[in-house]
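Thanks, everyone. I have one model to go through, so please look at the screen and I will start with the overall numbers.

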Amino acid sequence: MPYNNTTMSPSSASSNKEFYIGLGLALSSTIFIGASFIVKKKGLLRVSRSAANRAGSGGFAYLKEWLWWTGMTTMIVGEIANFSAYAFAPAILVTPLGALSVIVSAVLASILLKERLNLHGKIGCFLCLLGSTVIVISAPDEENVDSLEVISEHIEKPIFILYAVCALIVSLVLIFHYGPKYGKENLLIYITICSLIGSLSVTFCKGLGVAIKVTVSGDFVKNS
C-alpha cells in the first residue's frame, strides 16, 4: 500500500493513482459479483413458480428470464472489473478482496430473499472478512510489476516453473483420479483444485492485464 509523503515525485503520484484505481475496481467487482448471485437466484425462483421445468431438472426456461440475464451481465461486469484491477493494483491486494463477495451475497440474500444466516454462516462471514483484512494489512511489500519484461523475468525462474508444473500435475491427478472417487465425500479435493489452478490464473491475469495496459498506453511500442 502506498504511503503519503509530503513531497512526491511524478512517478510516485502515478503509482498512488494506479493503486487506488485498482482498489476501486477490486471493490466494485466484489459488489457486482456478490449481487449477481442473488439476482440470478431471484430469476430462477421466478421461473420455478411457472409451469416450466426447473433448471435443476434439466429445463432451460431460465434462459428466457430477463432477471437471470441481468444477474449474468452483472457477473460479467464484475469479472471484467476484477481482471482489470490486476493491471493496476498488487495481486496480494486484489485476490483477498474477491472473497468479500461472499459477504455481499449473504447480506443481499438476507434483505432480498429473506434468507437468515445461522450461527455457522455468520461465523464464516466474519472469518472471511477477518482473513481478507489480515492478508491485506500484513502483506509484504510487493515488487512493482508494470512491464512485460519484469513479468517474463519472474515466470522464467526455475522456482516458478517447478511450482507451475507441480500444481498442474497435482490438479490433473485430483481431477481425473481422486475427484470422481472421493469428490462427493470430501470437499477438500475440489477446494484444492480451485486453489492450485487459481494460484496460476492470478499470475496470468496479472501478466495479461499489464500487457493490455502497456499496449493501450503506448509503452509497448516505445519499448519496442
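Of the 224 residues in the protein chain, 31% are buried, where buried means under 20% relative accessible area, exposed over 50%, and partly exposed in between, with a 1.4 Å probe and protein chains only. Before I go on: this is a predicted model, in which local features need pLDDT of at least 70, side-chain atom pairs count only at pLDDT 80 or more, and totals for chains, interfaces and linings use all residues. Residues are numbered from 1 along each chain as its sequence is written, and side-chain values use heavy atoms, with hydrogens and water left out.

The chain has nine helices and zero strands. Helices here are DSSP runs of H or I with at least four residues, strands are runs of E with at least two, and the numbering starts at the N terminus. Read from that end, the order is α-α-α-α-α-α-α-α-α.

The chain exposes about 14600 Å², and carbon and sulfur atoms supply 68% of that. The areas come from the Shrake-Rupley method with a 1.4 Å probe, and for residues only the protein chains shown count as cover. As for contacts, meaning heavy atoms within 4.5 Å, take those between residues at least 6 apart in sequence: 72% of them join residues at least 24 apart.

Now to helix packing. Two packed helices are described by the angle between their axes and the distance between the axes. Axes are lines fitted to C-alpha atoms, for helices over the stretch in contact, and angles run from 0 to 180 degrees between N-to-C directions.

Take α7 and helix α8, residues 188-217. Their axes are 9 Å apart, at an angle of about 150°. The two are therefore roughly antiparallel; that label applies to angles over 145 degrees, with under 35 roughly parallel, 65 to 115 roughly perpendicular and the rest oblique. The crossing is left-handed, that is, the near helix is turned anticlockwise from the far one by less than a right angle, clockwise being right-handed.

Which residues of α7 meet α8? Among them are F160, Y163, A167, S171, L174 and Y178 in α7, and the α8 side includes I193, L196, I197 and L200. Nonpolar covers Ala, Val, Leu, Ile, Met, Phe, Trp, Tyr, Cys and Pro; charged is Asp, Glu, Lys and Arg; the others, Gly among them, are polar.

Two residues from this pair. S171 sits in α7, which spans residues 158-182. Is S171 buried or exposed? S171 is buried, at a relative accessible area of 1%. Leaving out residues up to four places away in sequence, S171 touches I193, L196 and I197.

On the other helix, L200 is in α8 and is buried as well, at 6%. Beyond four places in sequence, L200 is in contact with Y163, A164, A167 and L168. L200 and L168 are 32 residues apart in sequence and 9.1 Å apart in space, C-alpha to C-alpha.

A second pair is helix α3, residues 91-98, with helix α5, residues 119-138. The axes come within 9 Å and cross at roughly 175°, which makes α3 roughly antiparallel to α5. Here I92, L93 and P96 in α3 meet S132, I135 and V136 in α5. That contact has five nonpolar, one polar and no charged residues.

Last, T74, in helix α2, residues 66-85. T74 counts as buried at 18% relative accessibility. Residues up to four places away aside, T74 touches F32 and S36.
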